[in-house]
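Try each task before you read its solution.

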Amino acid sequence: MVPVEVLEVDNEGALWKFLVSGAMAGAVSRTGTAPLDRAKVYMQVYSSKTTFTNLLGGLQSMVQEGGFRSLWRGNGINVLKIAPEYAIKFSVFEQCKNYFCGIHGSPPFQERLLAGSLAVAISQTLINPMEVLKTRLTLRRTGQYKGLLDCARQILQREGTRALYRGYLPNMLGIIPYACTDLAVYEMLQCFWLKSGRDMGDPSGLVSLSSVTLSTTCGQMASYPLTLVRTRMQAQGQPAPSGHHACPFPARPWLS
């Protein structure tokens with residue numbers, strides 16, 4: 001969610017301040033939640049009706065296989081992709097914002113939704129290979145890859161360039177329910193705040209945090225089924241750990 005103040009034409013510096021602060025905060029938050037993120041990917045790929053994996057079981061399996069430090073596998077590239085992802089996203093958003101502001105002054109809801117969706121779509125298109133590498137490094141077994149470059153080399157040698165864009169279609173389709181739900185809930189909360197008679201220009205930190213948290217959570221829930229499909233497609237070709245079957249999601253060229 002992009003704060004309303006960065007939409008103002010006379011506040012060009014706010015966008016890049018938001019970019020830098022967001023990248024720094026994202027690096028810290030992703031590092032802090034990396035074990036849970038790895039457990040989430042582990043459960044998305046290896047859980048099924050016959051082999052259900054819960055949170056504690058997934059964490060325990062990862063620690064047994066690679067030790068405590070293995071809980072942070074894949075975190076390096078997850079942090080590394082923050083800068084290009086944010087830069088591309090907000091650069092595109094800036095261009096769309098300037099275009100719409102030149103037509104209508106302050107962009108209405110529909111145009112903000114379109115600008116945000118275009119920005120996310122373009123950024124995700126360009127960083128999709130990094131998402132695939134992040135998924136593979138997150139699920140890797142001890143000693144499977146020497147590092148990021150070795151992971152990329154092995155994928156290209158065994159599976160070809162198209163493997164770096166696995167999960168692209170569900171990723172793009174997921175933008176629609178996420179962006180619509182996220183922005184719609186945020187706008188609804190803004191309306192409630194205005195109707196309560198308070199000054200929307202100066203909401204408390206708790207109100208802003210609650211609004212963004214709720215809108216983002218709703219957006220994530222709306223797009224989660226497509227996120228699950230994307231993760232399973234990106235994990236195709238990754239050997240399963242002992243006691244689990246390989247990702248059961250079959251390859252379909254029209255979904256890649």
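**Exercise 1. Place Gly-58 in the fold: which helix holds it, and is it buried or exposed?**

Step 1. Find the element: Gly-58 sits in helix H3. Helices here are DSSP runs of H or I with at least four residues, strands are runs of E with at least two, and both are numbered from the N terminus.

Step 2. Check the accessibility. Gly-58 has 0% relative accessibility, so it counts as buried. The cut-offs are under 20% relative accessible area for buried, over 50% for exposed and partly exposed in between, with a 1.4 Å probe and protein chains only.

Step 3. Look at the neighbours. If you skip those within four places in sequence, Gly-58 is in contact with Tyr-42 and Thr-53, where contact means heavy atoms within 4.5 Å.

Before going on, a word on the ground rules. Residues are numbered from 1 along each chain as its sequence is written, and side-chain values use heavy atoms, with hydrogens and water left out. This is a predicted model, so local features need pLDDT of at least 70 and side-chain atom pairs count only at pLDDT 80 or more, while totals for chains, interfaces and linings use all residues.

**Exercise 2. Describe how H2 and H3 pack: what is the angle, and which residues make the contact?**

Step 1. Two packed helices are described by the angle between their axes and the distance between the axes.

Step 2. Read off the values: helix H2 (residues 34–46) and helix H3 (residues 55–66) pack at about 105°, and their axes are 9 Å apart. The axes are lines fitted to C-alpha atoms, for helices over the stretch in contact, and angles run from 0 to 180 degrees between N-to-C directions.

Step 3. H2 brings Pro-35, Leu-36, Arg-38, Ala-39, Tyr-42 and Met-43, and H3 brings Leu-55, Gly-58, Leu-59, Ser-61 and Met-62.

Step 4. Sort them: eight are nonpolar, two polar and one charged. Here Ala, Val, Leu, Ile, Met, Phe, Trp, Tyr, Cys and Pro count as nonpolar, Asp, Glu, Lys and Arg as charged, and the others, Gly among them, as polar.

**Exercise 3. Follow the salt bridges of Asp-37: which side chains does Asp-37 meet?**

Step 1. Side chains of opposite charge can pair when their charged atoms come close. A salt bridge needs a side-chain nitrogen of Lys or Arg within 4 Å of a carboxyl oxygen of Asp or Glu.

Step 2. Start inside H2. Lys-40 and Asp-37 form a salt bridge at 3.3 Å, N to O. Since they are three residues apart in helix H2, about one helical turn separates them.

**Exercise 4. Find out what Thr-138 touches: which backbone oxygen does its side chain reach?**

Step 1. Locate Thr-138: helix H6 (residues 109–139).

Step 2. Thr-138 counts as buried, because its relative accessibility is 1%.

Step 3. Its side chain reaches the backbone oxygen of Lys-134 at 2.6 Å.

Step 4. Setting aside neighbours within four places in sequence, Thr-138 is in contact with Arg-38, Val-41, Arg-73 and Gly-74.

**Exercise 5. Zoom out: how many helices, strands and salt bridges are there?**

Step 1. The protein chain has nine helices and zero strands.

Step 2. The structure holds nine salt bridges, and a network of them links Arg-30, Lys-81, Glu-85 and Glu-131.

Step 3. Of the 256 residues in the protein chain, 44% are buried.

Note on methods
A polar contact is a pair of N or O atoms within 3.5 Å; within protein, one must be able to donate a hydrogen and the other to accept it, and residues adjacent in sequence count only if both atoms are side-chain atoms.
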